Amino acid sequence: MHDRKTHQQTARQGADGAPGSSSPTGDGSRAPDGSHASVPRSRRKPSRSDRPAGEGSRKAGRTGTLRITRRGRILAWTGGVLGILVLATAGVGAWVYQELDGNIRGVDIDVDGDRPANLSPGSKNVLVVGSDSRAGANAKYGKDLTTMQSDTLMVLHIAANRKWATAVSFPRDSWVQIPACTRGNGSKSSPHHFKINEAFSIGGDSGDIRKAAACTIKTVEKNTGLRIDHFTSVDFQGFKGMVNALGGIEVCPEHAIHDKKAHLDMEAGCQNVRDEKALGYVRTRYSVGDGSDLGRIGRQQEFMKALGAKAQSKLTSPGELYDFLKAATESITTDKDLDGIKPLYDLASTVQDIPSDRLTFLTVPNYYREADVPTDKANVVWQYPQAGGLFSDLAHDREIGAAGKKKLAEAAKNPVTARSVQVRVLNGTGTPGRAAAAAEQLRKFGFTVIGTGNAPATDKTTLTYPAALKDRSAVVTGRLPGIKAKESADAAPGAVTLTIGPDFAVDGR
């Protein structure tokens, strides 16, 4: 329920550096002088020339070095993806640069169907996914899971003027509309409502990250209206390698954690974690606080901030630098436009130059779905009209900032739930039973349906509302993406009216 409190665990890095952040998961160097550091050739990894066609690319012939930023800020959410590359690439020789560059996998991502228009040319929306394939070394983290898993999901919006940025995280338990997507075998899934992280699993049911990315992008675009420009993902094992290269990260859980699903046993108090314990700490969920994904988001964000800060302070020796960058680059998959250290570095540097007080991190406004559907104690739904306003601001490149974040936090204390919205459903298709079917879907969402009836024929589904119920109309359109709402002086008081047209799809079908 929306007034539940979550225990926040703190992660800090300890004597080697300073505090620092990441996102939900499943159950999800600085060279001091810019000189070239030498790394023994014996450590160089053989070329992965046998990678299947279409699954990625190795770049050849890129040489040179990149200067390290001298600024101390690391983009918390993407500390393992972008900030890492800002930290350390200056200190490596040309052949090492070429090898690390080739570790990054770029894939062609084909998103089919209608996509949102780009309403703010010059701005960038980057979708960041924490990938848990459950293949190979990851298999022990999920029983009988044969598809790829998405444990972290966020959108980083970089303003067109490059003077501000906002990172919005989406809890993996967000109950949203999943559009039809192409599976690994080429067949199409049916549109339906489920947890948002299922999109990655549907597209990645055969291990093809291109389709996993395409379905995830399609789902995020459908539910937010934001046009996604770039995609990056990091897998579990790469994360563990980065932590180990730093000698571990200090965390300070307030209570002992014993979580079989995360393979974690920890006592309370400050301690250094690495290997499986570090991975388990950012994955644990049900054994900490109220067991929600929201608590895990905060815990992971703190951990990744600590990782980024420690990397910045500690990576001064060639060996540590090489191990860290090798783990980081081998864990990254991007779209073709971000394929390589140079484009990732450029993107990260853009964010690095944004003043810290104009770099905003937030979670999409939400509340527990149990408030609408008492039997659902596992998921959250996005809070409208606040979520819709947030997405609209980003689409139009309007800064959220600290004031906007505070306003969202205040509104979260008293969400307008679906159960509080009364809906009248009218059939404008001429086909008997359409209003009853739509009413049943609305009840499943938790809405209070006060009646059904017929209306004059219409070509398009519409939602009308009296002026006093504008907020409640936004809750309906938030659950039914694509439906437009309009104020009407003739609307019946006390309820919004959904008039079904032939375009209305029951549960997306």
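Is tryptophan 382 buried or exposed? In this predicted model, local features need pLDDT of at least 70 and side-chain atom pairs count only at pLDDT 80 or more, whereas totals for chains, interfaces and linings use all residues. Residues are numbered from 1 along each chain as its sequence is written, and side-chain values use heavy atoms, with hydrogens and water left out.

Tryptophan 382 has a relative accessibility of 4% and counts as buried (under 20% relative accessible area; exposed is over 50% and partly exposed in between, with a 1.4 Å probe and protein chains only). Phenylalanine 391 is likewise buried, at 3%. The ring centres of tryptophan 382 and phenylalanine 391 lie 5.5 Å apart with planes at 65 degrees, so the pair is edge-to-face. Rings of Phe, Tyr and Trp (its six-membered ring) pair if their centres lie within 6.5 Å; planes under 30 degrees apart are stacked, over 60 edge-to-face and the rest tilted. Ring pairs join Phe170, Trp382 and Phe391 into a cluster.

Four aromatic pairs are found in the whole structure. In one of them, tryptophan 175 and phenylalanine 194 have ring centres 5.6 Å apart and planes at 50 degrees, so this pair is tilted. Tryptophan 175 belongs to strand β6 and phenylalanine 194 to strand β7 (residues 192-195), 19 residues apart; strands are DSSP runs (E, at least two residues) numbered from the N terminus. Phenylalanine 194 is partly exposed, with a relative accessible area of 33%. Arginine 369 lies over the face of tryptophan 175, 4.2 Å from the ring centre (CZ of Arg or NZ of Lys within 6 Å of the centre and within 35 degrees of the ring normal).

Conventions:
Helices (H or I, at least four residues) and strands (E, at least two) are DSSP runs, numbered from the N terminus.
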